[in-house]
Amino acid sequence: MKSLRGVLNNSLARNAGWMFVGQGLTFFIQAASFVLLARMLGNIQYGIFAGAFALVSNLSPYTTLGSGMVFLRHVSANRTSFREYWANILLSTFLAGTTLVVVSMRLGHWLLDAKSAAIIGLIAIGECLCGRLVECAGQVFQAHEMLRVTATLNTIVNLFRFALIATLFVTFRHIDVRTWAIASLCVSALALAVAVAVVTKRFGTPHFDLRLFGTKVLEGLGFSVSASTISVYNDVDKTVLSHYRMAAANGVYTIAYRAIDIGTIPIYSIYSATLPRAFKLGRNGITNVLPLGLKVLRRAALFGGLAAIGMAAFAPVAPYFLGNTFVQSVSAIRWLCLIPLLRSLHLSAGLVLTGSGRHKYRTIAQVVAAAFNIGINLFLIPRYSWIGAAWASLLTDGSLAVMNWCLVGYFSRQITNTALPAVASESSDQIAA
């Protein structure tokens, strides 16, 4: 009983618990959503959607110019600055988001097949403007360590989407990809209205300060570059598959990758819950945040290992839920099942680097991983289709885990070695005395 009370009184455990509950609900909601969506669209239509969505995902991290992470970093330490940093999010998203919608439409006609390019504008508005602002609204509550509300917002968004998919499935049974793109945009706009209303009611209206925007834009861009590299090595393979007009293979592979993303939800919930604490501990150096990173690693790796085993074992049931057009997804899921474990490794090390103020080095590692991923996908996919994409994903996540932990080890040893001369000098003084 005493241990239970201790867990409930521990804010970190409580916040992680709320994120886990919220992400757990999200797990089931998203699983049901993508099963119904896959049945409605089929592997070819789903592949067309996946190609457009992947390209938008590669660009969307720049929508907010990193203002959400800037908010999280600064407001976690000084909560009285909410109004200025919330206004910074809104201004950044309006300026960059509208630009990126236009850019994505231009790039779509060059990089994607014609059918994917035709829907990219609808998807870009939903993701670049609506989706990213909803995510930032969640970060507002995350900065205040009110992760119950963050989890609730995420769950509400997914409930809206599931309700729409279920309604379309019952009404039409089968739809084309353009109909889904329009419907998805409507849901994203509704979720945005709810999120902004909740933030305004709880914390008040924004206060615009152009000087803050000017002074924080470079810091935010650093976070955007980092987030975009994650999107690149997660989604560029779907863009390449679309470029080579492999719509059916893209549908099979994307469904499998989606299953992997759902299996990674517990790991991201732990990471999200500990990030504000990492920022606080990291003010005093990497050695203070490293124990937290190791604690996250132990817990996240456990979930990653269980997810890998579970997905490998239960992959054969996928076609019974998704439909016969996704039979090849069984093999794809098994190829990709180690990714949750690899993500637990590089996310825990990334937490230490970001929390201790060394996010730029984490970003460099992610840029290297993204460049490697692009190159190897361009080599493997034309030769081996989605199997080449799976190999590229495994190699990229594995190499990123190695790079991140090497960086953590390097900076930790650097601090230790710097402290050793001082200890030796103190010992010499004692001997001389």
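The structure is a predicted model, in which local features need pLDDT of at least 70 and side-chain atom pairs count only at pLDDT 80 or more, while totals for chains, interfaces and linings use all residues. Residues are numbered from 1 along each chain as its sequence is written, and side-chain values use heavy atoms, with hydrogens and water left out.

**Overall architecture**

- The chain has 17 helices and zero strands; helices (H or I, at least four residues) and strands (E, at least two) are DSSP runs, numbered from the N terminus.
- Of its 433 residues, 55% are buried, where buried means under 20% relative accessible area, exposed over 50%, and partly exposed in between (1.4 Å probe, protein chains only).
- The accessible surface amounts to about 19000 Å², and carbon and sulfur atoms make up 68% of it; these areas come from the Shrake-Rupley method with a 1.4 Å probe, and for residues only the protein chains shown count as cover.
- Among contacts (heavy atoms within 4.5 Å) with a separation of 6 or more, 84% join residues 24 or more positions apart.

**Nonpolar cores**

- A nonpolar core is a set of buried Ala, Val, Leu, Ile, Met, Phe, Trp, Tyr and Cys residues joined through side-chain atoms within 4.5 Å.
- The largest such core holds 63 residues, and those touching the most other members are Trp 180, Tyr 253, Leu 322 and Leu 336.
- Helix α2 (residues 11-59) supplies the largest share of this core, 13 residues.
- Apart from this core lies another, of 45 residues, which includes Met 69, Ala 191, Leu 212 and Phe 279.
- Beyond its neighbours within four places in sequence, Leu 322 contacts Phe 34, Val 35, Ala 38, Arg 39 and Ile 255.

**Cavities**

- On a 1 Å grid over the protein atoms alone, a cavity is a set of points where a 1.4 Å probe fits but cannot get out, and lining residues have an atom within 4 Å of a point.
- The lining of the second largest cavity consists of Glu 84, Ala 87, Asn 88, Leu 91, Phe 208, Asp 209, Leu 210 and Phe 213.
- Two or more residues of that lining come from each of α4 (82-111) and α9 (210-243), with α4 giving the most, four residues.
- By class, this lining has five nonpolar, one polar and two charged residues; Ala, Val, Leu, Ile, Met, Phe, Trp, Tyr, Cys and Pro count as nonpolar, Asp, Glu, Lys and Arg as charged, and the others, Gly among them, as polar.

**Leu 351**

- Leu 351 belongs to helix α15 (residues 339-355) and is buried, with a relative accessible area of 0%.
- Arg 362 is 11 residues away from Leu 351 along the chain, and their C-alpha atoms are 9.3 Å apart.

- Leu 65, in the loop between α2 and α3 (67-75), has a positive phi of about 55° although it is not a glycine.
- Leu 65 is buried, with a relative accessible area of 16%.
- Arg 245, in the loop between α9 and α10 (247-263), is another residue other than glycine with a positive phi, near 60°.
- Arg 245 is exposed, with a relative accessible area of 65%.

How values were computed: 1 Å grid on protein atoms, 1.4 Å probe; cavity = no way out; pocket = protein on both sides within 12 Å on 5 of 7 lines; lining within 4 Å.
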